[in-house]
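Biologist: Please take one part of this model and look at it closely. I would like the packing inside it, and then whatever surrounds that packing.

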Amino acid sequence: MSFLQVYNLSVSFGGNRAVDGVSFKVTSGELLALIGPNGAGKSTCFNMINGMLPPDAGSVTLDGNELIGMKPREIWRLGVGRTFQITAVY
């Protein structure tokens, strides 16, 4: 059974489709990477998963519970969060 399931996640900004029908499943103990070039929609996808951005379509479930519509802090308390890349100039 999937622990995290993302199904048909989509969002547009004006006429630009940033994420179009992204689906994947992650089982307990599994590692999954989302890779792509700049502007491919990776951060946008993560922002929808963690509740920072509402999707136009799709579903995100964690252990069978729907996350879409929950506040980011509620999702974080369930264990879904993100970190940001820290850049430094040497």
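Modeller: Contact here means heavy atoms within 4.5 Å. This is a predicted model, and every value below is computed from it.

Start with Val60. Leaving out residues up to four places away in sequence, Val60 touches Leu4, Gln5, Val6, Leu9, Ile49, Asn65, Glu66, Leu67 and Ile68. Two of those partners, Leu9 and Ile49, return in the largest nonpolar core. That core has 15 residues. Leu9, Phe24, Ile49 and Val60 touch the most other members. Four elements each supply at least two residues of the core: β1 (2-13), β2 (16-27), α1 (42-49) and β3 (57-62). β1 gives the most, with four residues.

Stay on β1 for Ser10, which is found in that strand. Ser10 has a relative accessible area of 5%. The cut-off for buried is under 20%, so Ser10 counts as buried. Its contacts, apart from neighbours within four places in sequence, are Arg17, Val19, Asp20, Gly21, Met48, Pro55, Asp56 and Ala57. Thr27 is another matter. Ser10 and Thr27 are 17 residues apart along the chain. Their C-alpha atoms are separated by 22 Å.

Two contacts of Ser10, Arg17 and Asp20, also pair with each other. Their side chains meet in a salt bridge, at 3.8 Å from N to O. A search of the whole structure finds one salt bridge. How accessible are the two partners, Asp20 and Arg17? Asp20 has 58% relative accessibility. Exposed means over 50%, so Asp20 counts as exposed. Arg17 has 47% relative accessibility, and therefore counts as partly exposed. Ser10, by contrast, is buried.

Now the largest pocket. Its volume is about 440 Å³. The lining has 22 residues. Leu4, Phe24, Val26, Leu32 and Phe46 lie nearest the centre of the pocket. β1, β2 and α1 are the elements that give two or more residues to this lining. β2 gives the most, with five residues. By class, the lining has 13 nonpolar, seven polar and two charged residues.

Some names link these parts. Phe24 is among the core members that touch the most others, and Phe24 is also among the residues nearest the pocket centre. Leu4 touches Val60, and Leu4 too lies among the residues nearest that centre. β1 gives the most to the core, whereas β2 gives the most to the pocket lining.

Technical notes: Residues are numbered from 1 along each chain as its sequence is written. This is a predicted model: local features need pLDDT of at least 70, side-chain atom pairs count only at pLDDT 80 or more; totals for chains, interfaces and linings use all residues. Side-chain values use heavy atoms; hydrogens and water are left out. A nonpolar core is a set of buried Ala, Val, Leu, Ile, Met, Phe, Trp, Tyr and Cys residues joined through side-chain atoms within 4.5 Å. Buried means under 20% relative accessible area, exposed over 50%, partly exposed in between (1.4 Å probe, protein chains only). On a 1 Å grid over the protein atoms alone, a cavity is a set of points where a 1.4 Å probe fits but cannot get out, and a pocket is an open set with protein on both sides within 12 Å along at least five of seven lines; lining residues have an atom within 4 Å of a point. Grid points are joined across faces, edges and corners, and a volume is the space filled by probe spheres set on the points. Ala, Val, Leu, Ile, Met, Phe, Trp, Tyr, Cys and Pro count as nonpolar, Asp, Glu, Lys and Arg as charged, and the others, Gly among them, as polar. A salt bridge is a side-chain nitrogen of Lys or Arg within 4 Å of a carboxyl oxygen of Asp or Glu.
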